[in-house]
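Me: I'd like to talk through a structure with you, one residue to start with and then the whole chain. Ready when you are.

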Amino acid sequence: MTPPEIKLNRNINSFLILGTEIDLKDFTVSDNFDKDLKDKVIVEGEVDINKEGIYEVVYKVEDSSHNETKVVSTINVQKEDTDGIPILMYHWFYDDEVTKKPNNELYLSKSNFIEQMDYLVKNNYYFPTWDELEDYIDGKINLPKKSIIITADDGDPTYYKIAVPIMNARNIPSTSFVISKNPSWKNYKNQEGVSMESHTHTLHVRSCTNNSQNGKAMCLTYDEILQDLKKSLEYVENKECMAYPFGHYNNTFVKAVKDAGIHMALTTNGGRVKK
């Protein structure tokens, strides 16, 4: 038997700017047995729009065939952001309980990562979606003051095996920017809590010798870059955001990204994303 489906007109884990009104009954219900169950949905929980915090709101409904549905949502109430949105970029991880740190500064220990994620949870950070970030950049919405996005470059197995379970246990979403020609990330393509986005197909190589930025794309034509991006998207499929290899880009690369239909692209420059 198929249970009723409750669809909130907001993300399951959403935010609210302090002092802004919210309609907790802004949802729809569909069911194979009963046409309209909205009036039978029980909404449990309240949101104090004038007090910062994370509030849990639970939706329950049962149809005439006794099929039940329960949806648990959270609403993070905060002041609006005025400083910009930070995006954290990780690469590789190691379990410091069983091994020494590899000789590479981009490796982060499991215990250190746990400490960082616990800090974010303890301090009620909100984790925007890429759609929300795009709307923020375009001035369509405000985001909470404590907003942050978690990403990891390269699609290394240590990210999926060590970091992702830590984030999933804390209900923290993240994005993996994958080099799509590499096979290893495909084993984790459907992993819970992870959005896969492009880090290009074959351009993650330092092979450009006639440019101050040596990423391969810096020596390629528009058509060559565009074809690589299109190939990458055949594997990754998502077009919300991509990461420039080594943070290297030029006007040609930017145009190719736009023409490939990718909405946003990340560099490795320090600072925050602003409107």
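This is a predicted model: local features need pLDDT of at least 70, side-chain atom pairs count only at pLDDT 80 or more; totals for chains, interfaces and linings use all residues.

Me: Is Ile54 buried, exposed or partly exposed?
Reply: The relative accessibility of Ile54 comes out at 44%. Buried needs under 20% and exposed needs over 50%. Since 44% sits in between, Ile54 counts as partly exposed.

Me: Which residues does Ile54 touch, leaving out those up to four places away in sequence?
Reply: A contact here takes heavy atoms within 4.5 Å. With residues up to four places away set aside, the list for Ile54 is Thr74, Ile75, Asn76 and Asn124.

Me: And how far apart in space are Ile54 and Gln78, C-alpha to C-alpha?
Reply: In sequence, Ile54 and Gln78 are 24 residues apart. In space, their C-alpha atoms are separated by 8.8 Å.

Me: Zooming out, what share of the chain's contacts with a separation of 6 or more comes from residues 24 or more positions apart?
Reply: The chain has five helices and 14 strands. Taking its contacts with a separation of 6 or more, residues 24 or more positions apart account for 61%.

Me: What about charges: how far apart do the centres of the positive and negative sets lie?
Reply: Count the side chains and you get 32 positive and 42 negative. The centres of those two sets are separated by 4 Å.

How values were computed
Residues are numbered from 1 along each chain as its sequence is written. Side-chain values use heavy atoms; hydrogens and water are left out. Helices (H or I, at least four residues) and strands (E, at least two) are DSSP runs, numbered from the N terminus. Lys and Arg count as positive and Asp and Glu as negative; His and the chain ends are not counted. The place of a charge is taken as NZ of Lys, CZ of Arg, CG of Asp or CD of Glu. Buried means under 20% relative accessible area, exposed over 50%, partly exposed in between (1.4 Å probe, protein chains only).
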